[in-house]
Amino acid sequence: MPDRPELMAIGDSIYNGTRSLTTNAELAALAVPAQVAQAFGWDFRTPSYPRDVLFDLEDLFRSDRFDLDGLKRSVLENAQAWLDPGRWSADDCFDNISIAQTTIADQAALTYNNNVSTIADLIDDVRQAQGFDFVGVLPALYEAINASFLLNPSNDPASVFADRTPLEILAQRKPKRLLVNIGINDGIWTICLMATKDQFKPDAIATDMHDLGVRLSDMRQAGQIDRVYLNLLPKPSCVANLMPRVDPGALPRGADYFPEYLGRLGQIGGLSGAEMKTLDEGVRDLNRRIADDLTETFGGEGLAFIDAYGMMELHDNKHYRETREHEIWIKDWRINNVPLQRWPHKGGLYGLDNLHPTAVGYAILAQAVCRRIEEMEGLAPVAPIDLAAAFRSDSLLTDMPRRLDISLLLINLVAAFAALARPGV
């Protein structure tokens, strides 16, 4: 295990590399931290998943026949394979230990031990569930498997990592730089999926971010991290899933928001344009609050922020705010932030769930992280990130499923994951 890696990462699905609700080795190699490490020429061990975590949603879209029973059989077979004895990976630890679905508080709580011990019972819950009920059980099983693998890929209960949280693993590995993307699952993702404001509680997010900031600052003072690069929270209205009931032709004259927003997956929820604007402003103000608080916590040194909110505004073609300077054209396709459509080509920044970015969407965020590292450390990327190359690496965009209409089963599947209820949220 290399001493003092150049780069490590913690966080949620956005740094796990999840696309279209799918997590596997291919996508982990395209995750933002991996793209950043490659740009600077740093060694970086990405998670070498031996198989998908439960399923591959994109493969399901390519299937000629897809039904509830087939999905359940496939999930049970996949989950049971994770219980087979022996190593999951030749690696003892990865440099990216970002775990899809996790919250801010999870970074100081999740371990291999307290997840792997739940897998067998959760498999039984899935097996016994009837009809659509089994879909609601999947998020807990998905997280238990993914957390267990990422935190202890040897699958060895005697490993030094078996009972360590993400923060404790960082303290042992002592990375020179830490990338962090966290906070979306603390209430913001439900805005983006369900077009509802009910679970957005800024004070709770700010409190948990403060606690994480204190822990990271203490680790820096102890020589366990040199620098932290933290992504601020995204602008909800820019996410592809929040759309008017009917695809718009233009913003109403003199307006900066559409009259209404629903969750495109299932046309669920509902927010007025005024409510959507208020939520955007609430996240913007929360970002300022987090930045001010953590800057003070770190004493103004060793911490830098990536403005994910502002980055999304630059590429907000959905609201006709994107300037010519920031347009993304690859071949004859203008890549933008509306739901993906095969022909004529639309979207491209988000995958089939309208919530997780494609390799191109991740590359834009990775470019922003690289710029911040260059500003803070004076380092220039040796292999700058290229959006066209990211497009070519994306098996969804280069081989789009013929059918992109979402069945009731898939709506329920995505909704179960993206709207996973959290204590205190």
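The model is predicted: local features need pLDDT of at least 70, side-chain atom pairs count only at pLDDT 80 or more, and totals for chains, interfaces and linings use all residues. Numbering starts from 1 along each chain as its sequence is written, and side-chain values use heavy atoms, with hydrogens and water left out.

**Stop 1: the largest pocket.** Select Asp247, Arg264, Val338, Pro339 and Lys346, the closest to its centre of the 23 lining residues. The volume here is about 460 Å³. A pocket is an open set of points on a 1 Å grid over the protein atoms alone, where a 1.4 Å probe fits, with protein on both sides within 12 Å along at least five of seven lines; lining residues have an atom within 4 Å of a point. A volume is the space filled by probe spheres set on the points, which are joined across faces, edges and corners.

**Stop 2: the second largest pocket.** Next, select Gln35, Gln38, Ile385, Asp386 and Ala389, the closest to its centre of 13 lining residues. This pocket holds about 200 Å³ of space. Now show helix H3 (32–40) and helix H15 (387–393). Each supplies at least two residues of the lining. Helices are DSSP runs (H or I, at least four residues), numbered from the N terminus.

**Stop 3: helix H8.** Select residues 133–151. The end C-alpha atoms of H8 are 29 Å apart.

Conventions: Expected span 1.5 Å × (residues − 1).
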